[in-house]
Amino acid sequence: MNVIRKATVAAAVQQTRWSSYKVPGVTVDQRRASLKKKIAEKGFVRAIEAHSGLTGLIAEHAVGANGEKFDATWSSSLTSSSVMGKPDIEVVDTTARLRICDEVMDVTSLPMIYDGDTGGPASEIFHFTVKNLERMGVSACIIEDKTGLKQNSLFGTERKQQLADIDEFSEKIARGKAAQVTDEFMIFARLEALIAGYGHDEAMLRARAFLDAGADGVMIHSKEKEPHEIYRFLEDYNKLPNRKMVVVVPTTYNSQTEQELHERGASIVIHANQMLRAAYPAMMGVAEKILTHGRSLEADKDLLSVKQILNLIDDGTGKTN
């Protein structure tokens with residue numbers, strides 16, 4: 001990158017970081033279609049979780065050192081539950097989850113991928129979830145092949161992770177695909193066999209079945225710090241005659257770059273919970289400093305100025321000049 005390009009990107013980063021956010025305009029149909037379009041054009045997209053309007057704005061406007069940007073947002077069950085102070089066991093209902101989606105989409109133009117947990121206890125319920133998501137302009141929904149009380153996948157075998165019956169989960173996928181009315185909306189099957197300790201062969205068995213059921217692709221999940229089992233899966237998955245898109249979530253094996261994962265076959269890389277994980281320690285640190293010193297002065301270095309936060313999201317309403 002030449003000097004002029006570097007200076008331009010650096011200026012854009014600084015402007016984005018502290019200037020007022022402009023809310024872009026986008027129609028429901030444009031947003032829904034844009035994820036498939038981006039994948040077709042680029043071969044690969046990166047998504048980051050957004051659990052509020054503010055995090056949506058950050059996802060939309062963040063710029064990397066070389067001009068990199070996020071292509072989509074991820075509406076995470078974990079972070080949606082956590083911001084409500086609830087455990088990630090599907091205790092936050094679909095209506096509440098969709099309100100969060102609406103808050104994010106109200107201030108962004110990026111396509112959204114929705115974490116659908118298990119898709120609900122019955123295929124009939126997932127049918128209506130798909131209709132709601134598609135009508136809102138969400139681009140894709142990912143549902144996991146587990147049953148019973150939901151436990152977050154990153155617990156691994158520390159918690160009971162019960163896989164759903166293959167035929168029943170295939171029926172859920174088929175009902176979801178039958179419910180959609182556009183070609184742009186996508187449903188991905190999230191494979192939990194590696195998480196639950198059932199191994200590679202079970203993951204491949206389920207991948208084949210769920211693709212046959214009509215899934216637009218699969219998401220393969222792992223809690224291991226090294227990517228070996230993910231790469232083994234991708235190697236065999238890429239050989240399937242009916243191979244479709246594959247999503248990866250490198251929360252634990254984050255030594256791997258997006259490019260490395262793409263070269264192995266990933267179409268979508270999701271950074272699934274980092275925004276919330278960044279916010280919590282920062283807020284706790286400020287709260288503890290205020291308690292320790294009986295004032296907020298010591299926390300000032302960790303904060304935006306009052307003027308910056310006032311101007312961060314300001315459309316100019318009420319200006320006198």
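Colleague: Are E192 and R190 buried or exposed?
Modeller: E192 is buried, and R190 is buried too. Buried means under 20% relative accessible area, exposed means over 50%, and partly exposed is in between, using a 1.4 Å probe and protein chains only.

Colleague: What am I looking at, and how is it numbered?
Modeller: This is a predicted model, where local features need pLDDT of at least 70, side-chain atom pairs count only at pLDDT 80 or more, and totals for chains, interfaces and linings use all residues. Residues are numbered from 1 along each chain as its sequence is written, and side-chain values use heavy atoms, with hydrogens and water left out.

Colleague: Back to E192 and R190. How far apart are the closest N and O atoms?
Modeller: They are 2.9 Å apart, and the two residues form a salt bridge. That term is for a side-chain nitrogen of Lys or Arg within 4 Å of a carboxyl oxygen of Asp or Glu.

Colleague: What else does R190 form a salt bridge with?
Modeller: With E144, where the closest N and O atoms are 3.6 Å apart. That pair links distant parts of the chain, with R190 in strand β7 (residues 186-191) and E144 in strand β4 (residues 140-144), 46 residues apart. Both of these residues are buried. Strands (E, at least two residues) and helices (H or I, at least four) are DSSP runs, numbered from the N terminus.

Colleague: And which side chain does K146 meet in a salt bridge?
Modeller: K146 meets E192, at 3.3 Å from N to O. This pair links distant parts of the chain as well: K146 sits in strand β5 (residues 146-147) and E192 in the loop between β7 and α8 (200-212), 46 residues apart. K146 and E192 are both buried.

Colleague: Which residues are linked in the network?
Modeller: D115, E144, K146, R190 and E192 are linked by salt bridges. The count of salt bridges comes to 17.

Colleague: Switching topic: how many helices and strands are in the chain?
Modeller: There are 12 helices and 10 strands. Of the 321 residues, 47% are buried.

Colleague: Which strands does β8 pair with?
Modeller: β8 pairs with β7 in the parallel sense over 4 bridges. It also pairs with strand β9 (residues 245-248), again in the parallel sense over 4 bridges. Two strands pair if DSSP finds at least two bridges between them. A189 stands opposite V218 in β8, and M245 in β9 is the bridge partner of G217.

Colleague: Which way do the residues of β8 point?
Modeller: In β8 (residues 217-220), G217 and M219 point one way, V218 and I220 point the other way, and all are buried.

Colleague: Which units does β8 make with helices?
Modeller: β7, α8 and β8 make a right-handed β-α-β unit. β8, helix α9 (residues 228-237) and β9 make a right-handed one too. Right-handed means that, with the strands pointing away from the viewer, the path from the first strand over the helix to the second runs clockwise.

Colleague: Now the outside: which residues form the nonpolar patch on the surface?
Modeller: L304, V306, I309 and L310, with about 380 Å² of accessible area together. Patches are made of residues with over 30% relative accessible area and no salt bridge, joining like charges within 9 Å and nonpolar side chains (Val, Leu, Ile, Met, Phe, Trp, Tyr) within 5 Å. Areas come from the Shrake-Rupley method with a 1.4 Å probe, and for residues only the protein chains shown count as cover.

Colleague: Where does V306 lie?
Modeller: In helix α12 (residues 306-312). V306 is exposed, with a relative accessible area of 62%.
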